[in-house]
2 protein chains.
Amino acid sequence: MSDALTALRARLAEIADLRSAAVLLGWDQLVKMPPGGAEARAEQRATIERLAHERLVDDGLAELLDAAEPETDADRALLRVTRRDVDKARRVPGELVSDLARAGSAGYEAWLAAREADDAAPYLPFLERNLELRRRYAELFEREHPYDPLLDDFERGMRTAEARDVLGRLREGLVPLVEAAPHVDRTVIEGPFPIAAQRTLVDRVLRQVGVDDRAWRLDDAVHPFQASVAIDDIRLTTRFKEEGLEGLFAGLHEFGHGLYEHGVDPAYGRSPLAGGVSMAVHESQSRLWENMVGRGDAFWRWCFPLLREAFPGRFAEGDRPAVVAAFNAVRRSPVRVSADEVTYGLHIILRFELELELVKGSLAVADLRDAWAAKSRDYLGIDVTSDRMGVLQDVHWSEALIGYFPTYALGNVVAGQLWARATAELPGLEEGFAAGDFAPLRDWLRERVHRHGRSMTPAETIAHATGGPIDPEPYLAYLRAKVDASAALMS
Amino acid sequence: MSDALTALRARLAEIADLRSAAVLLGWDQLVKMPPGGAEARAEQRATIERLAHERLVDDGLAELLDAAEPETDADRALLRVTRRDVDKARRVPGELVSDLARAGSAGYEAWLAAREADDAAPYLPFLERNLELRRRYAELFEREHPYDPLLDDFERGMRTAEARDVLGRLREGLVPLVEAAPHVDRTVIEGPFPIAAQRTLVDRVLRQVGVDDRAWRLDDAVHPFQASVAIDDIRLTTRFKEEGLEGLFAGLHEFGHGLYEHGVDPAYGRSPLAGGVSMAVHESQSRLWENMVGRGDAFWRWCFPLLREAFPGRFAEGDRPAVVAAFNAVRRSPVRVSADEVTYGLHIILRFELELELVKGSLAVADLRDAWAAKSRDYLGIDVTSDRMGVLQDVHWSEALIGYFPTYALGNVVAGQLWARATAELPGLEEGFAAGDFAPLRDWLRERVHRHGRSMTPAETIAHATGGPIDPEPYLAYLRAKVDASAALMS
């Protein structure tokens, strides 16, 4: 290995260690830290993040990157990924980074207050400021559309035009599905379900799908999330509510994220090649386990006896079809975070289309509420009755997080492609689920997606795993089959 | 404030943040981390520690230290402490630091194997290597005795001659006390005590003495310890065993450490003035709460009803004197970590005297076992029957940790002085304990010791708090009174 490459690897390992420390500081803050530690923690995190950033944009690292001579494919991937990371980081002036951080904090506080008062008006100037800064940010990069560099931060290499095409086709498939979906009675899965029993059930399920004590932790948090401190140090969090069993699906969702991080080739540890390749591919993993596995009939053939055992007397032996149907019920609701699989995509597409126009300037912030209401009616058949249920619903824009939303829906799309491919290539997959065997899917995902980490581009990863470019058709076919099954059951 | 001082403070705050991250990485490793994370964690910790060290020995920091113009006493203390820290760190060549780390790791592994086999012989060459490196380390500093710089690492400013004088006088007082102490029946405090009930009791006790959910955490660990991530983020760990109630005393011990770190003036946060001033002063705080408070009759007047409640039917109403006597029983035992207050000091003095001779070269490693056996007989009246109960008992030397042992006994000595002073200055202190009121002692310690952090030297801190230099007499008087009370009860 060339001396420059060796020296470069050492520097990148140091940056990776700082990032791992930052992950732990963040996890601990949300899961274990006594509240008195918050002020000091903000300083600790800022220092660690700053040191990692300084090291990434350091001239010495750029020189090593020029001098390094790759010998293997992994070396070439390392140099390619690092060059992109460094280039992106070096183009953004420190002042703009600070302005974005400050505007994001101020926007978040304004959003909290506006939400409390259920009135978006005082928040809109903060959103305007965030958009202005994000436009300045976008101008630092080559682009066909001002949204391109924003999307690229989360989905490297994807252009706005492609996202618009994929999500446009998705929307056209989803709108009629919402209308076609039958009303399903959800009483059978309505609580109360004692939280201790839910916890035991979810622990049992997660162990069966692939969690073990050697490399995983499971804790409670206010909002479920996954944090990977290292390839063999994966932390999931869940939240339980008596009213329903969402904690189970949230647990499977975070498990999907964790399994991805845990499955990366250990040789990529402490390097920029560790971790997920993009937000959409990451989300494809969480959604696959949450929905394709966790809401599927085969899974419940295995899990239903456990559910009955967890809540004695609550479910009759013949309730399984009704339970599965209820877990898959399509409902027009104004709330994105609790939306079903069919309407979820439309919630996202609405946000994506609006933020595209906002960034481009073809939609004024002053007209955002009206535009939101119109799209809600068109796509979901819903009247937005309050700002809280409308433009104040999500935190993302308030923190200047723009370009992130489409990756949620793109993740579902990729999950649909992966599911179609996995079920085609692995005969007996669902029979295995029914017997509690999830190893074949785990192994397949590891081989096709996980182990590659960031060594391929997102588009290459998707092509490698699914055999083609990103395509909404398999996902739509999967949803149509669910809606059809549901309609058959109801009739 | 001078520009140089402002810039210096910013750099020191960054180092403090790195150290806090290192504390969290260490705490998490022992308390929460899945075992699979161990390898990556070692790298993460090494990187963070190295970055902190690099920043401390950086030329730019040394220049700021020269240029900074102090305005307040706190500024002057900051410069003085930082100069000493920087000077010590800059004198040690990186190669020696690595050699010590490697030798410490190898020594630890050799110690584990030797302990397993109960034969010190294969371990002794590793100890010899550690001693050789520590001698080379000591040569980098001015010294009257080769042990001076080693002791100074833990007890800044104390010379070997002073430690030898204080611990010599302590030994002369302790040896006859061991002989005078009556045999006390300990059956009354022998288990089994269900662990869940112990946990509830200790949680209750710690909340009463001063733990709250805002700034503290309490977890289990294999070896109890305290970790302060920030002044308002203090983490205690305890360990419970069914056989006895040691977990309670360990909890009070770690509470004493935590209360010290938590009581430092918040203005010293993110600076080298935060934290305890020396190991002995730190240990004085833990021992004060564990022994002077926790083994005292007044404490048990408050706590005994809780003990009875925790273990229904286990203690009779009149058992309190017997319980307190048992908690204070003096026993000749070869094991330091479970030793009582009287014999504990002699265990330490034995180690201190031996490591002094080993460092000086007047005792050969080959003769260590014999020397250990001789001192055990002389001081404790004990025959050492195995290496495991003798020279292989403690981990410290195996990791090249030399100069640390005396601070345990010096901590007890300082605790004795603080206790004499506090009881003299705070009439009704023990009546308060009996009513569950520990605030007066907390406030007094905060004012006299805690809030000063590292702003005074250890010797100044002791003088400020106790009114004089370090002196074993008050501690011996306290122990004599305990032994007399015990003898009176037994007769």
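Reader: How many residues of chain B are in contact with chain A?

Author: In this predicted model, 36 residues of chain B touch 36 residues of chain A. Contact here means heavy atoms within 4.5 Å.

Reader: What makes the pair B:Arg270 and A:Glu43 a salt bridge?

Author: The rule asks for a side-chain nitrogen of Lys or Arg within 4 Å of a carboxyl oxygen of Asp or Glu. B:Arg270 and A:Glu43 meet at 3.2 Å, N to O, so the pair passes.

Reader: Which element gives the largest share of the side of chain B that touches chain A?

Author: That's helix 2 of chain B, with 10 residues. By class, this side of chain B has 15 nonpolar, five polar and 16 charged residues.

Reader: Why are helix 16 and helix 19 of chain B called roughly parallel?

Author: Their axes cross at roughly 25° and come within 9 Å. Angles under 35 degrees count as roughly parallel, so helix 16 and helix 19 of chain B get that label.

Reader: Which residues make the contact between these two helices?

Author: Helix 16 of chain B brings B:Val414, B:Gln417, B:Leu418 and B:Arg421, while helix 19 of chain B brings B:Ile462, B:Ala465 and B:Thr466. By class, that's four nonpolar, two polar and one charged.

Methods:
Residues are numbered from 1 along each chain as its sequence is written. Chains are lettered from A and ligands numbered from 1 in the order in which they are written. This is a predicted model: local features need pLDDT of at least 70, side-chain atom pairs count only at pLDDT 80 or more; totals for chains, interfaces and linings use all residues. Side-chain values use heavy atoms; hydrogens and water are left out. Helices (H or I, at least four residues) and strands (E, at least two) are DSSP runs, numbered from the N terminus. Ala, Val, Leu, Ile, Met, Phe, Trp, Tyr, Cys and Pro count as nonpolar, Asp, Glu, Lys and Arg as charged, and the others, Gly among them, as polar. Axes are lines fitted to C-alpha atoms, for helices over the stretch in contact, and angles run from 0 to 180 degrees between N-to-C directions. Angles under 35 degrees count as roughly parallel, over 145 as roughly antiparallel, 65 to 115 as roughly perpendicular and the rest as oblique.
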